[in-house]
Amino acid sequence: MPRIYSARHPQPCAVALAAHDAARRIDGPLFSMTTNLSYVHPHADSPWGTYLAQVDRVTPYLGHLARWVETLKRPKRALVVDVPIEMDDGTVAHFEGYRVQHNLSRGPGKGGIRYHPDVTLEEVMALSAWMSIKNAAVNLPYGGAKGGVRVDPKRLSIKELERMTRRYTSEIGIVIGPQQDIPAPDVNTNPQIMAWMMDTYSMNVGATATGVVTGKPIHLGGSLGRVKATGRGVFVTGREAARRIGLALEGARVAVQGYGNVGSAAAELFAQAGAIVVAAQDHTGTITNSRGFDMADLSAHVKATGGVAGFRGAEPLDDESFWDVRCDILIPAALEGQLTAARAQRLHARLVLEGANGPTLPAADDILADRGVLVVPDVICNAGGVTVSYFEWVQDFSSFFWTEDEINVRLDKILIGALKKIWDTADHHRITLRTATFAVACERILAAREERGLYP
Ligand code: NAD
């Protein structure tokens, strides 16, 4: 039987175990994968399987709202689209695209668009569900959604990328809109792609609709601070968690996996706060320097070459050894499922800050809790991006734009307030920060579900 531990007191906890027994009565065993959807086949380590296990863990804390919990185990709406485009050489290529709206009880759908060759419907379902949890945890007036196209964008020319983005946007145009569902950037998508999406949607509806996507370029209704917001949120929640466990940032050693939008921004902020970034890994390779990287040089290298490999101010390392690097803080900021049970056993860090969505498998979560490693879960740690996306959406509607200082002050206040509530919930029930975040979020989502009632 999986054990449940307090984030602060890494021993089996009587209250949590009693609650776990209650969970078995309500919901069957943990990892029960109770969703009987015909179109996905989750297993314990798949993204949707990971999400279902997380919901099972929180069920005992939902009180009378537990009767609605099945709502969280199935997406409200999942759209699969064919995206045909003419390639530069005159051939026609077809890509598979998705937009999943997991839950809309608290407001319109909100969540990013991912371009990656490994994207599947099941992955997008999990990512959309984590958006429902994240938006509710930070108390944004949104449901959860996510989209993706199964494509390696690095193999497309810029014109092919634009044609694919526009056709995909047209295909999902029947479910998105400023009041329905608002996409944003995720892995391999950026402000330029958001600009094409906004333009395509606007052409189709016959009016400029800036509020249909967030993460746009500034002069198209984008918000100051959005590009670095997710990394900033990782830093702000990480700084707060470090303070609470007595870990000084000055001299703290940081390892970061994924040196893209999220990982690089978070790493730079930690370095500015006095930490030293000693290891980095991305799709091009792994590098390390026990004295810390020169961050400006590393940033220039990644910009020039597209990845961390070959950086002169560091030694190359084989990819698996990344998980053995001596560090105090680990920031997984690449893809799901990276922190496996085997890697969790070897980790040196005291603090794991989940910049990526779903980087830690449930079995690894248990091992980390057992070893007294504090995990700040994705659903609060990387919520800075969607929070500033929310600011962008509000600014677009009011056509009144805030300064970057105003954005950052409001962002920090929201994240610190949300983390405090989650921390108090974790202390109260003696559960991990992940289960506490799910408890806070699921209660808000299911209370909205109950208050709205079932139609018809
Ligand atoms: P990005 O495309 O800017 O960067 C992704 C990084 O991951 C790149 O450095 C890439 O090289 C690396 N990577 C890819 N495959 C890898 C592998 N197999 N091993 C190691 N590294 C690998 O994407 P991003 O926007 O920084 O997103 C990173 C993560 O953060 C994703 O999980 C995403 O869902 C999550 N996230 C992003 C945002 C946002 O605002 N962009 C918000 C919340 C969460």
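1. Basis. The model is predicted: local features require pLDDT of at least 70, side-chain atom pairs count only at pLDDT 80 or more, and totals for chains, interfaces and linings use all residues. Residues are numbered from 1 along each chain as its sequence is written, and side-chain values use heavy atoms, with hydrogens and water left out.

2. Domains. The protein chain comprises domain 1 (14–220) and domain 2 (229–381), with bounds that come from an automatic or database domain assignment. Between the C-alpha centres of domain 1 and domain 2 the separation is 25 Å.

3. Extent of the interface. Contact (heavy atoms within 4.5 Å) involves 20 residues of domain 1 and 13 residues of domain 2. The two domains bury about 1300 Å² between them, 58% of it from carbon and sulfur atoms; buried area is the accessible area (1.4 Å probe) that two parts lose on being put together, summed over both. On the domain 1 side, Arg 57, Trp 130 and Lys 134 lose the most area to domain 2, together 34% of what that side buries.

4. The rule for a salt bridge (a side-chain nitrogen of Lys or Arg within 4 Å of a carboxyl oxygen of Asp or Glu) finds 2 between domain 1 and domain 2. Arg 57 and Asp 366 form a salt bridge through their side chains, at 3.0 Å from N to O.

5. Elements on the domain 1 side. Helix H2 (47–58), strand E3 (109–116) and helix H3 (121–137) each contribute at least two residues to the side of domain 1 that touches domain 2; helices (H or I, at least four residues) and strands (E, at least two) are DSSP runs, numbered from the N terminus. H3 gives the most, with 6 residues.

6. Packing of H2 and H3. The axes of H2 and H3 come within 7 Å and cross at roughly 35°; axes are lines fitted to C-alpha atoms, for helices over the stretch in contact, and angles run from 0 to 180 degrees between N-to-C directions. Residues making the contact include Trp 48 and Tyr 51 of H2, and Met 125 and Trp 130 of H3.

7. Salt bridges overall. By the same rule the count comes to 26 salt bridges. One joins the side chains of Arg 99 and Asp 181 at 2.6 Å, N to O. That pair links distant parts of the chain, with Arg 99 in strand E2 (residues 92–103) and Asp 181 in strand E5 (residues 181–185), 82 residues apart.

8. Backbone geometry. Tyr 455 and Pro 456 are joined by a cis peptide bond, with omega about 0°; Pro 456 lies in the segment after helix H14 (433–452). Asn 139, although not a glycine, has a positive phi of about 65°, and Asn 139 is located in the loop between H3 and strand E4 (144–150).
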